[in-house]
Amino acid sequence: MFEKLMQLFTVADDSTGDDKMTLELVTAALLLEVSKADFQEDPAEIDKIRTILLQHFSVSLGDINAFIDQARNTSADSTSLYPFTRYINDNCNNIEKYQLVLALWDVALEDGRIDKYEDHLIRKIADLIYLPHSEFIRAKLSVIGKETS
């Protein structure tokens with residue numbers, strides 16, 4: 001019994017280690033988090049995630065579906081956003097961070113409204129990736145503006 005306990009404490013939690021992280025996977029995981037923030041995973045939001053990933057990464061639809069499945073597993077195993085946002089901070093510039101937040105707003109608005117939980121999560125992610133608040137607001141207004149035109 002003590003051996004099992006010792007194994008639990010000595011095994012590093014590396015389920016979301018940087019060696020397994022890719023920008024595609026991190027992006028998919030964060031987009032999926034926003035899609036389920038309102039406690040309803042809308043199929044239109046998942047389609048929007050596929051579209052965003054296809055637009056921004058040069059991978060096939062099959063690869064995108066694999067990223068989504070892997071992102072679901074990775075985010076289910078993760079207890080925080082930290083591994084994902086740390087990866088973004090270590091590998092992306094402010095323009096790429098802005099593009100990510102823009103994509104998060106696109107997913108949140110796909111069902112026609114931005115839920116307060118989606119808004120809160122996107123704000124939290126923007127803060128964790130050190131995106132200036134003015135850029136957070138600019139991204140939100142940009143997506144809302146596209147929706148109304």
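Predicted model: local features only at pLDDT ≥ 70, side-chain atom pairs only at ≥ 80, totals over all residues.
Colleague: Why is I52 called buried?

Modeller: Its relative accessibility is 4%. Buried means under 20%, so I52 counts as buried. I52 belongs to helix α3. Beyond its neighbours within four places in sequence, I52 is in contact with L31, A103, D106 and V107.

Colleague: What makes F39 and Y117 an edge-to-face pair?

Modeller: The centres are 5.4 Å apart and the planes are at 75°. Pairing needs centres within 6.5 Å, and edge-to-face needs over 60 degrees. F39 sits in the loop between α2 and α3, and Y117 in helix α7, 78 residues apart.

Colleague: Is F39 buried or exposed?

Modeller: Exposed: F39 has 69% relative accessibility, and the cut-off is over 50%. Y117 is at 41%.

Colleague: Why is the pair of W105 and F136 called tilted?

Modeller: Their planes are at 50°. Stacked is under 30 degrees and edge-to-face over 60, so this pair is tilted. W105 lies in helix α6 and F136 in helix α8, so the pair ties together parts 31 residues apart in sequence. Both W105 and F136 are buried.

Colleague: How do you know that the charged end of R138 sits over the ring of Y98?

Modeller: The distance to the ring centre is 4.1 Å. The limit is 6 Å, with an angle within 35 degrees of the ring normal.

Colleague: Which residues touch the most other members of the largest nonpolar core?

Modeller: L30 and V101, out of 43 residues. Helix α6 gives the most to this core, with 10 residues.

Methods:
Residues numbered from 1 in each chain as written. Heavy atoms only, no water. Core = buried A, V, L, I, M, F, W, Y, C linked by side-chain atoms within 4.5 Å. Buried < 20%, exposed > 50% of the residue type's maximum accessible area, 1.4 Å probe, protein only. Helix = DSSP H or I, 4+ residues; strand = E, 2+ residues; numbered from the N terminus. Contact = heavy atoms within 4.5 Å. Phe/Tyr/Trp six-rings, centres within 6.5 Å; stacked < 30°, edge-to-face > 60°.
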